[in-house]
Amino acid sequence: QTMAVDVAFPILENITIGQHVEDIGYLFPRDPGLMNDVPIKLLTTYGQYATSQLVSVFNDDWGPEGGGLYYIWQDTSLHRKSFELSKVDPDGPAPIELLDRYGFPFWEGLQVERGVGVASHLPNITLPEGETVTLPPLALGIHGGNWRQATRDYQAWARTWYEPRHPEKLARYFTFSSYHAYGDCPFWAPDTAEAAIAGIPAQVDQLHFIAQKEDRYGVYDRYRADWGLEGLRRFVDAAHAEGKLCSHYVQGTVAHETSAVYREHGEEWGQKNADGTNMEAWANQCMCLASTGWADWLAETCARLVRDLDLDIAYLDCVGWTTLDKFNCHSTRHSHQPKWHELSDVRRLLHTVKTAISREKPDVALTTEGPVSDLFFNDVDGNEGYGINFMYTPGYGAPIHFMRFLYPRFKYLDLLTDTPERVKLALFNATATAADPARMPEAGLAHRAFHENVAAFTGED
């Protein structure tokens, strides 16, 4: 009889490095990478909050050069897994708790009395009767030196599958501004596209068209009736002449109930609850990321926008943040992967979209919202996320965007850089910022510092 089994592995408890527990640090893969040394309890899941597959425990003050251990899931199969870490110091403060539950089945069996414990949990592994199953490869390393050795070994593994073909122009933008493609928006006020561009601050590097209802995508007289597609192309051409990039929003996971795609395909492509009712989010129908029809519709829509507007970036909203845990689909119309294996469906969708837009423009980029799996990076070129914002969560220590440095060619944009301090962190980490330089002088200063030293900020050393 075939069984579905859950596996907790590895389980490492009461790790001590050196004589003093307070000197033990850890690097945990919660976006954008959490490094600290305080007592803590952490639970997170790969494919939603965890983007990489690396956990490191270290003591930089141990011996002449420090030392530590790490484990890396060298898993290219996209099996969902948890990462669990606890640090206990009997003589220190009570642990901070940062627990990303959201429906994922954690193991939560760590027993730590002193030091650090780490574990992973892989649910729903199919075990046919009388057969054996091989788990994804896992590397366990013990090293001298500081925590950087663990990140170097992770990058060495990533190079076995990662092919960074991200457009170089992504690395060279720093400031981002959204402009609604309908309604009252400042840059629509001038009569000509050239005048509209002239009114945008010179420090803005990327212009993002927002059209959040599916029936608006590509209906250009609803963007600006007196411009139409010809006027919009002049606007994009003028933006390109100023060295600015242009991107367009497309909702990746829901369809509004008034849209044609919902009326025509909502029942076929939409997600279903266990009781057969439609799954909804923000009063919209959730569309299933395993549906090939929905993937093809997204690909055709993004490709048309890239072709019509000569876009530099196509952006899929929500793919990343709302992937999986809150949106498990029970429709019998889709060929889903087994539960907790759904990341393969998401990768297929992203590959479909990237292939379609690249046919229209070889150097176009595909970006998404929030953290996504490291295994998606061959099809996704960047994301709009909240890494800097995460650094203000209790439990985060070093203000370093580790994913930005693990994948230096992948472009990170931090949306919630709404204070001077957060803009400074964006500059420090060479991530893009959505701060408005017209309203925040610090954003303009950071923009100048970035572009005056662009080679240093975009290098890989």
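Reader: How do β13 and β17 pair, and over how many bridges?

Author: β13 and strand β17, residues 313-320, run in the parallel sense and share five bridges. Bear in mind that this is a predicted model.

Reader: Which residue in β17 is the bridge partner of Gln251?

Author: Asp317 is the β17 partner of Gln251.

Reader: And β12 with β13, what sense is that pairing?

Author: Parallel, over four bridges. One partner pair there is His208 with Ser247, the latter in β13.

Reader: How many of the seven residues of β13 are buried?

Author: Seven of seven, so β13 is mostly covered by the under-20% cut-off on relative accessible area.

Reader: Which residues sit on which face of β13?

Author: Leu245, Ser247, Tyr249 and Gln251 are on one side. Cys246, His248 and Val250 are on the other. Both faces are covered, and each of these residues is buried.

Reader: Switching to α4. What span should its 14 residues give?

Author: Helix α4 covers residues 228-241, and at 1.5 Å a residue it should span 20 Å. Its end C-alpha atoms are 20 Å apart, which agrees.

Reader: Which α4 residues are buried?

Author: Gly228, Gly231, Leu232, Phe235, Val236, Ala238 and Ala239. They cover an arc of only 160° around the axis, so they lie on the same side of α4.

Reader: What about the other side of α4, which residues are exposed there?

Author: Glu230 and Ala241 are exposed there.

Reader: New topic, Ser178. Where does it lie?

Author: Ser178 is in strand β11, which spans residues 176-180.

Reader: Why does Ser178 count as partly exposed?

Author: Because its relative accessibility is 40%.

Reader: How far apart are Ser178 and Leu427, in sequence and in space?

Author: They are 249 residues apart in sequence. In space, C-alpha to C-alpha, Ser178 and Leu427 are 20 Å apart.

Conventions. Residues are numbered from 1 along each chain as its sequence is written. This is a predicted model: local features need pLDDT of at least 70, side-chain atom pairs count only at pLDDT 80 or more; totals for chains, interfaces and linings use all residues. Side-chain values use heavy atoms; hydrogens and water are left out. Helices (H or I, at least four residues) and strands (E, at least two) are DSSP runs, numbered from the N terminus. The expected span of a helix is 1.5 Å times one less than its number of residues. Buried means under 20% relative accessible area, exposed over 50%, partly exposed in between (1.4 Å probe, protein chains only). The arc is that of the directions from the helix axis to the C-beta atoms. Two strands pair if DSSP finds at least two bridges between them.
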